[in-house]
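Here is a short briefing to read alongside the model.

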Amino acid sequence: MARVQLALNVSDVDAAVEFYGKLFGAEPAKRRPGYANFAIDTPPLKLVLIENPDVRGTGVAGALNHLGVEVETTDEVSAATTRLAGAGLATAVEENTACCYALQDKVWVDDPDGAPWEVYTVLADVTEMARPGSALSVAERADGPGSACDCGPVCAPAATGEDAVAAVTTADTAVAGTRTLLAVEPASAGSCC
């Protein structure tokens with residue numbers, strides 16, 4: 001099932017989990033330190049809560065982290081990449097990226113005002129994330145879309161069996177206007193989007 005994702009910055013994840021649990025009549029699908037997500041059936045929604053008190057103001061100030069559409073397969077992510085690039089949008093692809101406590105394949109685009117959208121699929125669950133400091137925030141990225149997550153693209157822990165290899169998009173596999181970002185740094189302690 002495809003569903004819209006809404007990732008919110010919250011000042012207190014425990015209070016937010018309590019509120020959104022009551023609002024949607026649901027328990028979190030995943031809960032980690034500073035992080036929770038709800039997989040809501042009606043309406044179809046993936047609600048992600050990221051504890052980030054440094055950017056979260058009152059009301060709607062600083063509330064939005066990023067938006068997304070969760071799909072079921074990597075083929076759907078690839079089709080979205082082709083469609084978005086074909087429509088003239090700058091895209092950034094992340095493959096086998098550990099983010100939001102999950103190993104994911106995804107493509108990013110930014111709306112005209114810079115709000116980041118991802119189309120993604122979850123490949124596996126991971127227990128720890130990293131914040132490799134070198135990842136640019138949405139406001140710092142001037143060369144096109146990319147990860148809006150605080151952690152940026154990082155590889156999954158070695159336990160997944162995936163090799164973290166930087167890749168260069170070659171002419172025979174590239175989609176015009178697409179940047180391919182692959183995991184290049186090992187995950188370590190910390191938390192992610």
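Setting aside neighbours within four places in sequence, V17 is in contact (heavy atoms within 4.5 Å) with P28, R31, A36, F38 and L49. This is a predicted model, where local features need pLDDT of at least 70 and side-chain atom pairs count only at pLDDT 80 or more, while totals for chains, interfaces and linings use all residues. Residues are numbered from 1 along each chain as its sequence is written, and side-chain values use heavy atoms, with hydrogens and water left out.

**Nonpolar cores**

- V17 belongs to the largest nonpolar core, whose 12 residues also include L8, Y20, A36, F38 and L49.
- A nonpolar core here is a set of buried Ala, Val, Leu, Ile, Met, Phe, Trp, Tyr and Cys residues joined through side-chain atoms within 4.5 Å; buried means under 20% relative accessible area, exposed over 50%, and partly exposed in between, with a 1.4 Å probe and protein chains only.
- Strand 1 (3–10), helix 1 (13–24), strand 3 (35–40) and strand 4 (45–51) each give two or more residues to this core.
- Helix 1 gives the most, with four residues.
- Another core of eight residues lies apart from it, and V71, L84, V93 and V119 are among its members.
- In soluble globular proteins, nonpolar side chains tend to be buried together.

**Strand 5 and its partners**

- Strand 5 (residues 64–70) is largely enclosed by the rest of the structure, because five of its seven residues are buried.
- Strand 1 and strand 5 run antiparallel and are joined by six bridges; two strands pair if DSSP finds at least two bridges between them.
- Within strand 5, V69 stands opposite V4.
- Strand 5 also runs parallel to strand 8 (residues 116–125), with four bridges joining them.
- The bridge partner of V69 in strand 8 is V119.

**Overall layout**

- The protein has two helices and nine strands, taken as DSSP runs numbered from the N terminus (helices H or I, at least four residues; strands E, at least two).
- Along the sequence, the pattern is β-α-β-β-β-β-α-β-β-β-β.
- Of the protein's 193 residues, 43% count as buried.
- Among contacts with a separation of 6 or more, 65% come from residues 24 or more positions apart.

**Confidence**

- The average pLDDT (the predictor's confidence in each residue, from 0 to 100) is 73, and 66% of the residues score at least 70.
- Residues 130–141 stay under 50, and the model has 26 contacts beyond four places in sequence for them.
- Residues 151–193 are also below 50, with 107 contacts beyond near neighbours in sequence.
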